[in-house]
Amino acid sequence: MTQLKRLTVLLAAVAAYAGADACTSLIAAKGAAAGGSTMITYAADSHTLYGELYRQPAADHAEGAMRPVVEWDTGKPLGEIEEVAHTFSTIGNMNEHGLTIAESTWGGRPELEGSGLIDYGSLIYITLQRARTAREAVDVMTGLVDRYGYASSGESFSIADPDEVWVMELIGKGADDKGAVWVARRVPDGYISGHANHSRIHRFPMNDPETLYSPDVVDFARAKGYYEGPDSLFSFSRAYAVTDAGALRGCDARVWSYFRRFAPAGSMDAYEAWILRGQGEPMPLWVRPERELTANDLKWMMRDHFEGTVLDMTQDIGAGPFESPYRWRPMGYNIDGVEYTHERAIATQQTGFSFVADMNHARHDAMKGILWFGVDDANTCVYVPVFNSSDTVPPSLDGATADLYNLSWESMFWVNNYVANQAYNRYSQMIPDIRAVQSRLENGAEQAVGEAAAALAGSDYATAQNTLRELTLSTAANVTSDYHRLGDYLMVKFLDGNIKREADGAFQRNEHGMPVQPEFGGYNERYFRSIVNDAGERLRVVEPE
């Protein structure tokens with residue numbers, strides 16, 4: 001297969017991840033991430049997204065070679081652009097240099113939807129093949145849009161290398177102008193940031209080398225009638241995004257929950273009014289956490305359902321009798337002419353894949369970028385270590401054996417769904433068993449990565465690459481097989497609403513070898529009270545006189 005043909009196949013596969021437009025990206029800059037790392041996360045959320053890990057090898061290209069551009073969300077061919085002489089290898093959203101890019105879509109003013117050649121997904125993956133650092137990535141991305149035009153709506157990007165993390169927000173200029181307006185800001189060392197489907201850059205300094213922007217970012221807003229004030233008061237978000245209840249409670253709330261968990265106690269309470277009613281000042285773009293964050297902290301943050309906040313999804317009657325933090329779509333509903341909404345948390349059932357990216361120069365060059373990669377719901381997935389030097393995709397993650405319409409027990413995506421979809425219906429009863437297996441697998445993987453980092457110090461690149469390849473392959477295989485067994489175990493243990501009794505790691509039998517009477521888990525008191533409030537008189541027990 002020719003290199004161009006391989007690229008076309010890859011782009012078609014990437015385009016199959018249609019509708020990945022409700023995503024979350026969290027950030028910890030150097031000094032806020034432990035051990036001198038930088039970290040970003042990503043959850044690619046879509047109801048039509050099959051979770052797999054895609055890869056593109058490094059390649060040299062002949063002069064005049066062209067690269068196809070395929071729209072990430074739809075699979076629509078957009079055209080071709082000139083290829084560069086050499087492209088870097090990529091694994092997921094990371095390249096061989098440890099550069100990592102994530103995104104979240106916020107739409108913005110509908111009349112500004114781009115009409116150019118480069119959509120937001122292609123912008124990410126083309127840039128990963130061409131840039132070594134985060135600053136270089138900003139230049140590549142804006143240069144591509146300037147030359148070929150932008151084809152999507154408003155977008156936020158997290159762009160990270162082992163030294164710096166940048167947030168860039170970009171939106172097109174509409175059908176009559178294929179270009180875009182944008183702002184990029186470096187997250188200061190020692191701070192955390194994030195975005196989740198709403199523009200987060202408001203006012204920004206215009207004479208700061210850590211802030212870059214398109215020359216017409218303010219003038220274009222004035223020309224379109226979006227802004228009339230001085231440059232110093234200009235807010236990119238206010239001008240180009242749509243700030244409604246969905247943008248705040250459904251989007252900014254996810255970042256607020258992240259900030260609230262790690263910022264000084266009480267410091268984010270004032271922003272509840274912004275989240276719930278759009279009152280007061282917008283949340284800051286970044287805050288300083290009380291302590292340095294680990295990759296494990298961010299894995300668990302990606303499992304957040306607003307626990308411990310006023311939006312806690314396990315506390316209202318919608319959680320049902322098993323305190324489930326899940327709500328099926330549609331999110332909005334109307335009762336007696338009043339609009340209501342379910343909460344939109346970071347963790348959600350329709351996630352295709354998610355990751356926590358940890359970049360650090362202190363590690364061997366072959367593992368200076370670690371992509372902790374998971375498929376399906378981040379809350380119940382197991383994050384597998386993948387490295388910037390990875391040249392092989394584990395069979396359970398390669399997309400060759402299954403897709404969204406074809407189940408396979410060899411697919412990590414499907415075995416994770418097997419586990420998660422049982423838990424959704426009896427969450428409080430099943431989640432302890434899931435946590436035990438999930439924690440064992442992740443703790444083992446983290447220990448193995450730490451041991452590899454120590455053992456590989458001073459090794460040549462090829463030796464380190466081989467060792468890390470085997471670590472990824474073995475971890476992925478173990479996760480897939482262990483989660484299949486976990487799904488079987490849950491099916492047996494919780495069959496028909498019962499809970500089978502266990503002793504010494506086995507389901508109990510009596511002295512004659514027969515199954516013993518199971519526990520009846522029943523429901524919680526709140527659920528019983530809701531039944532009484534709804535149909536109590538009909539269900540009330542009345543003894544005969």
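Q: Is Asp45 buried or exposed, and what is its relative accessible area?

A: The general idea is a set of cut-offs: buried means under 20% relative accessible area, exposed means over 50%, and partly exposed lies in between, with a 1.4 Å probe and protein chains only. In this structure Asp45 has a relative accessible area of 1%, so it is buried. Please keep in mind that this is a predicted model, in which local features need pLDDT of at least 70 and side-chain atom pairs count only at pLDDT 80 or more, while totals for chains, interfaces and linings use all residues. Residues are numbered from 1 along each chain as its sequence is written, and side-chain values use heavy atoms, with hydrogens and water left out.

Q: Which residue forms a salt bridge with Asp45?

A: Side chains of opposite charge can pair when their charged atoms come close. A salt bridge is counted when a side-chain nitrogen of Lys or Arg is within 4 Å of a carboxyl oxygen of Asp or Glu. Here the partner of Asp45 is Arg344, and the closest N and O atoms are 2.7 Å apart. Because Arg344 lies in the loop between β18 (338-341) and β19 (351-359) while Asp45 belongs to strand β2 (residues 38-45), the pair ties together parts that are 299 residues apart in sequence. Arg344 counts as buried too, at 5% relative accessibility. The names of helices and strands come from DSSP runs numbered from the N terminus, where a helix is H or I with at least four residues and a strand is E with at least two.

Q: How many salt bridges are there in the whole structure, and where do Lys299 and Glu446 lie?

A: A search of the whole structure finds 27 salt bridges. In one of them, the side chains of Lys299 and Glu446 meet at 2.8 Å, N to O. Lys299 is in helix α8 (residues 295-301) and Glu446 is in helix α10 (residues 427-455), so this pair ties together parts that are 147 residues apart in sequence. Lys299 counts as buried at 0% relative accessibility, whereas Glu446 is partly exposed at 24%.

Q: Which residue forms a salt bridge with Asp433, and which residues are joined into one network?

A: Lys493 pairs with Asp433, with 2.9 Å between the closest N and O atoms. This pair links distant parts of the chain, since Lys493 is in helix α11 (residues 461-493) and Asp433 is in helix α10, 60 residues apart. Both residues, Lys493 and Asp433, are buried. Elsewhere, salt bridges that share partners join Arg135, Glu164, Arg186, Asp189 and Glu210 into one network.

Q: Which side chain makes a polar contact with the side chain of Thr105?

A: A polar contact is a pair of N or O atoms within 3.5 Å; within protein, one must be able to donate a hydrogen and the other to accept it, and residues adjacent in sequence count only if both atoms are side-chain atoms. The side chain of Thr105 has such a contact with that of Glu155, at 2.8 Å. Thr105 sits in strand β10 (residues 100-107), and at 12% relative accessibility it counts as buried. In another case, the side chains of His61 and Thr87 make a polar contact at 2.9 Å. His61 is in the loop between β4 (59-60) and β5 (66-70), and it counts as buried at 18% relative accessibility.

Q: Where is the kink in α6 centred?

A: The bend at a residue is the angle between axes fitted to the seven residues ending there and the seven starting there. In α6 there is a kink of about 45 degrees, centred on Ala253. The helix is mostly covered, as 13 of its 18 residues are buried.

Q: What is phi of Asp336, and which residues does a cis peptide bond join?

A: Most residues other than glycine have a negative phi, and most peptide bonds are trans. Asp336, however, has a positive phi near 55 degrees; Asp336 lies in the loop between β17 and β18 and is exposed at 79% relative accessibility. Asp496, which is not a glycine either, has a positive phi of about 60 degrees. A cis peptide bond joins Arg329 and Pro330, with omega about 5 degrees.
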